[in-house]
Amino acid sequence: MSKNDEVVNRMAFNDTFLRACRRQPVDYTPVWYMRQAGRYQPEYRKIREKYSLMEICEIPEVCAEVTLLPIQQLNVDAAILFSDIMIPVKAMGVDVDIKGGYGPVIANPIQHTSDVEKLRDIDPEGDLPKTLETIRILRRELNVPLIGFAGAPFTLASYMIEGGPSKNYHKTKQMMYAAPDVWNALMDKLGRMIVTYMKGQVAAGAQAIQVFDSWIGSLSPIDYRQYVWPTMRRIFEELRGIGAPVIYFGINTGELLSVWKELPIDVIGVDWRVPLDAARNRVGFDFALQGNLDPAVLMAPQQVVEQKAKEVLDLGMQQAGYIFNLGHGVFPEVKVETLQRLTEFVHSYSSSVR
Ligand SMILES: Cc1c2[nH]c(c1CCC(=O)O)Cc1[nH]c(c(CCC(=O)O)c1C)Cc1[nH]c(c(CCC(=O)O)c1C)Cc1[nH]c(c(C)c1CCC(=O)O)C2
């Protein structure tokens with residue numbers, strides 16, 4: 001390749017990730033990492049010395065810079081907006097703080113119908129202008145697709161009800177089982193917020209959407225269907241046709257996949273517990289899959305990382321519509337170089353096998 005071709009190539013838009021989301025043929029397996037912008041990067045830690053996470057999200061130039069760090073360093077095939085699932089919850093009027101190394105903290109947890117009634121419906125242009133401005137800046141700078149995102153109702157509700165991270169979600173489930181009216185009102189309100197917010201992100205330039213339902217695996221399939229499914233179906237039906245593929249991700253969702261397969265979504269994010277061929281057997285061939293290297297593998301020597309990545313790829317690549325990712329986010333202890341080499345490996349191995 002001549003120097004000139006290289007420049008042209010670098011500027012051309014790389015749509016491999018979007019093609020994989022739509023189960024179209026690709027030249028190699030696209031890859032991005034959950035939490036690809038974060039504390040494992042010295043540059044991120046430096047920016048965090050100056051600004052809190054919430055402050056970064058309020059300064060579009062800095063927020064765009066943080067989003068771009070992994071694109072420049074890792075050669076990944078998609079960018080994910082730097083933000084947090086709790087940012088729009090704050091815009092609904094909830095007093096949220098995010099403590100690094102711990103998680104979201106809420107001063108006045110939701111308990112009663114009146115607490116739910118107090119939550120404001122958001123207007124993304126009016127309430128989250130900095131997020132939309134960040135997306136617009138990013139679209140000018142990026143030559144890979146930009147993923148927008150939201151937290152799903154159950155996962156958001158778990159923080160809003162517990163007041164912070166939780167092990168067993170006792171208060172959340174207590175509301176679900178004992179006060180279904182309050183619970184349904186909360187699901188409904190969060191569902192509407194998510195649809196409005198995702199439409200706003202896509203209108204501003206997000207090219208794919210990931211809905212994070214990180215803690216949904218704490219529910220049985222029967223309870224998922226009864227207490228969460230109606231809201232999820234409404235959300236995804238309303239997001240259908242917005243012109244951006246929709247990814248739905250959660251942890252510990254092995255038993256939920258047979259329910260998820262009835263949802264109108266494009267991509268299912270799988271954690272490391274379910275081998276990708278088993279996931280295919282559970283959801284069928286109408287979805288792309290994303291995942292699912294155990295993030296803990298990134299602490300191992302490079303040859304182990306590559307062996308484990310190969311095992312994941314050999315299962316994932318059996319069908320069109322596969323995106324390599326971790327089964328959850330990058331840990332702060334991971335070396336940047338490990339992810340650089342992993343990305344290179346995924347690209348080269350997948351293009352050699354094809
Ligand atoms: C559950 C959840 C949250 N936030 C998010 C989820 C869903 C995905 C998941 O399960 O990880 C989503 C999220 N949060 C963040 C992003 C940025 C984009 C990216 O992935 O690069 C994304 C996509 C920034 C962040 N959000 C947070 C950090 C930590 C670093 C910091 O404080 O600077 C980052 C980079 C803080 C946060 N925010 C949250 C937790 C539990 C924590 C603490 C955990 C930790 O400290 O590692 C809530």
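In this predicted model, asparagine 75 sits in the loop that joins helix 5 (60-74) to strand 1 (79-80). Its phi is near 65°, a positive value in a residue other than glycine.

Asparagine 252 belongs to the loop between strand 6 (246-249) and helix 15 (257-260). It counts as partly exposed because 16 C-beta neighbours lie inside 10 Å. Most residues other than glycine have a negative phi, and most peptide bonds are trans. A cis bond occurs here between glycine 291 and asparagine 292, with omega near -10°. Asparagine 292 is part of strand 8 (residues 288-293).

How many residues of helix 10 are buried? The count is 10 of the 10, so helix 10 is largely enclosed by the rest of the structure. The buried residues are Pro153, Phe154, Thr155, Leu156, Ala157, Ser158, Tyr159, Met160, Ile161 and Glu162. Just after the helix, glycine 163 takes a positive phi of about 90°.

Helix 10 packs against helix 12 (residues 180-204) at an angle of about 120°, and the two axes are 9 Å apart. The crossing of these two helices is right-handed. On the helix 10 side the contact uses Pro153, Leu156 and Ala157, which meet Leu186, Met187, Leu190 and Gly191 of helix 12. By class, the residues of this contact divide into 6 nonpolar, 1 polar and no charged.

Tyrosine 159 lies in helix 10 (residues 153-162). It is buried, because 26 other C-beta atoms lie within 10 Å. Setting aside residues up to four places away in sequence, tyrosine 159 touches Met86, Pro104, Ile106 and Gly164.

**Annotated positions and the ligand**

An unreviewed UniProt entry carries the annotation "binding site" at Arg35, Gln36, Ala37, Gly38, Arg39, Asp84, Tyr159, Ser214 and His328. These positions are spread over 294 residues of sequence and also in space, with up to 22.8 Å between C-alpha atoms. UniProt, again in an unreviewed entry, places the feature "domain: Uroporphyrinogen decarboxylase (URO-D)" at residues 30-39 and 147-163. Residues 30-39 are 0% helix and 0% strand, with the end C-alpha atoms 23 Å apart. For residues 147-163 the make-up is 59% helix and 29% strand, and the end C-alpha atoms lie 28 Å apart.

Glutamine 36, one of the residues under the "binding site" annotation, is placed in the loop between helix 2 (16-21) and helix 3 (42-50). Is glutamine 36 buried or exposed? It counts as buried, because it has 26 C-beta neighbours inside 10 Å. Its contacts, not counting residues up to four places away in sequence, are Pro70, Leu74, Val76, Ile80 and Val330.

Which of the 23 residues around the ligand come nearest? They are Gly38, Gly100, Gly103, Phe212 and Ser214. The shell around the ligand has 12 nonpolar, 7 polar and 4 charged residues.

Isoleucine 98 is in strand 2 (residues 96-99). With 18 C-beta neighbours inside 10 Å, it counts as partly exposed. Leaving out residues up to four places away in sequence, isoleucine 98 touches Leu53, Met54, Asp84, Met86, Gly103 and Pro104.

Proline 88 is in helix 6 (residues 87-91). It counts as buried because 27 C-beta neighbours lie inside 10 Å. Apart from neighbours within four places in sequence, proline 88 is in contact with Ile122, Leu128, Ala150, Met193 and Tyr197.

The table sets out two C-alpha separations, one for each of these residues.

| Residue pair | Separation along the chain | C-alpha separation |
|---|---|---|
| Isoleucine 98 and tyrosine 248 | 150 residues | 23 Å |
| Proline 88 and methionine 193 | 105 residues | 8.0 Å |

Definitions and conventions. Residues are numbered from 1 along each chain as its sequence is written. This is a predicted model: local features need pLDDT of at least 70, side-chain atom pairs count only at pLDDT 80 or more; totals for chains, interfaces and linings use all residues. Helices (H or I, at least four residues) and strands (E, at least two) are DSSP runs, numbered from the N terminus. A residue is buried if 20 or more other C-beta atoms lie within 10 Å of its own, exposed if 12 or fewer, and partly exposed in between; C-beta atoms are placed from the backbone. Two residues are in contact if their C-beta atoms, placed from the backbone, lie within 7 Å. A residue is near a molecule or strand if its C-beta atom, placed from the backbone, lies within 6 Å of it. Ala, Val, Leu, Ile, Met, Phe, Trp, Tyr, Cys and Pro count as nonpolar, Asp, Glu, Lys and Arg as charged, and the others, Gly among them, as polar. UniProt positions are given in the numbering used here, feature names are shortened, and annotations may be inferred rather than shown by experiment. Axes are lines fitted to C-alpha atoms, for helices over the stretch in contact, and angles run from 0 to 180 degrees between N-to-C directions. A crossing is left-handed if the near helix is turned anticlockwise from the far one by less than a right angle, and right-handed if clockwise.
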